[in-house]
Amino acid sequence: MKDTFDENAGDKNAGRKAWMGLLAKAPEGRVATLLDAAMARPEFTWLRAPEIGSTMVRGRAGGTGAPFNIGEMTVTRCALTLPDGVVGHAYIQGRRKADAEAAALVDALMQGAAADIVRTTVLEPLEAEQTAAKTARAQKAAATKVEFFTMARGED
Amino acid sequence: MYVAVKGGERAIESAHAWLAEERRGDTDVAELNIPQIREQLKLAVDRVMAEGSLYDPDLAALAIKQSRGDLIEAIFLIRAYRTTLPRFGASDPVDTGAMACDRRISATFKDLPGGQVLGPTFDYTHRLLDFKLAADGEVPAAPTRESVPRDVPHVTEFLNQEGLIEEAPLDDTPPPDLTREPLEMPADRALRLQALTRADEGFTLGLAYSTQRGYARNHAFVGELRIGAVAVEMDIPELGFAIEIGEVTLTECETVNQFTGSKTEPPQFTRGYGLVFGQSERKAISMALVDRALRWEELGEDNVGAPAQDTEFVLYHADNIQATGFLEHIKLPHYVDFQSELELVRKLRREAGADQVQEAAE
């Protein structure tokens, strides 16, 4: 298997899992922009042309108990093959066929010789942007954290 | 007898054309676009996603624009669209313990680990109209503070450690799905929670309020309320492992309810649960109160005959699309039905001799 670009030894799919998750949550058009800036797109054939569908999102009663259905979310998926036979898959949030194509290309390229360049030009910037967005939100939340103080305490 | 109902086409076409024009309103006023609705009417978008039962902010914004802000009409549009989508599968249950919380408060523990995080809330505002918003939308940047990323434990875990609260043991029974099979009684808790999370907010709020006013009172405290983003993971058969396919914002409410014990359960705190798409805390708290009221049977409580305890009543009337569909259909042509009623009333009056009475009066 070529899909083992993980730095984490434990799970052989950890690397691919991480980049596919990153691609799934990328803002509209972002993966295509980064990919096209880095290289000319390779030729490919569709195994499954981009298709819009849904996933039923589940939660657990009480947060930890039996699962139940919350509602669906929109998902776009596709699969393609590069000339060397490597298969790239994409499952991304929303109704975004062009983004699914770019994500599947990145997934395929990450399994071949172009992995290093794709990692530094697409995945790493994407990850940095997502981390920055997450951190900015967390910092605003932190500013609304209540600092209780007690006027007089009946104990030492 | 069937009465010809042709002849409405031209009137209907004109009505639709006028509707489109009215939807647009005064063309001297700038037209709303989808990103504006998505970003600036976010809580309306969240409600349409929750009750439309489909998480897609752009689609919900489009539905709000198309429905002229009639949120139930928007929810109807989303429900209709939803049925056209092929289902790729179901996610693994989301881990709300790993939520990136925008807001997280507890009404039961002041000093909970992770702290009380207020988030972007209307609470503590004075509910006075802000006329500055009528002028321009410039706002100063929100303050920030250093934050250390970490999982935020659920408050109920602290009570669990003392054994004072009922557990929600891990269980992987695949849940029933009311979008696939019609709702039938008896409904287990998983089915009830699915029906409640997409139930009409007003109906759920009214029922929850009725429990607070004494119709099956269950002494609820908001043990915890949290709003934030969670990752959605799904097993991908062609890969042979699960990946994150996206992220959704959820509101989760856990109530801690006083419980003095019953024939089957020891005195302890019991729990109600609410989990809703988007930032919808009124709905999440309402859902938790109604969930708890509906659990009377499994907890061995008495049925006091309150509406919020009646699963069939609650679940069959909570869906605003079903309700509005049936309610609004009575305005559509019922000429033949009514004709037969008219005949019947005339016949009954003849039989009762009402005609003669009327003649005598004249």
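Me: What makes two residues count as being in contact?
Reply: Contact means that heavy atoms lie within 4.5 Å. By that rule, 53 residues of chain A are in contact with 74 residues of chain B. This is a predicted model, in which local features need pLDDT of at least 70 and side-chain atom pairs count only at pLDDT 80 or more, while totals for chains, interfaces and linings use all residues. Residues are numbered from 1 along each chain as its sequence is written, and side-chain values use heavy atoms, with hydrogens and water left out.

Me: Why is the arrangement of H1(A) and H3(A) called roughly antiparallel?
Reply: The axes of helix H1 (residues 14-24) of chain A and helix H3 (residues 97-109) of chain A come within 10 Å and cross at roughly 160°. Angles over 145 degrees, on a scale from 0 to 180 degrees between N-to-C directions, count as roughly antiparallel, and therefore H1(A) is roughly antiparallel to H3(A).

Me: Which residues of H1(A) and H3(A) meet?
Reply: Arg16(A), Trp19(A), Met20(A) and Leu23(A) of H1(A) meet Ala103(A), Val106(A) and Asp107(A) of H3(A).

Conventions. Chains are lettered from A and ligands numbered from 1 in the order in which they are written. Helices (H or I, at least four residues) and strands (E, at least two) are DSSP runs, numbered from the N terminus. Angles under 35 degrees count as roughly parallel, over 145 as roughly antiparallel, 65 to 115 as roughly perpendicular and the rest as oblique.
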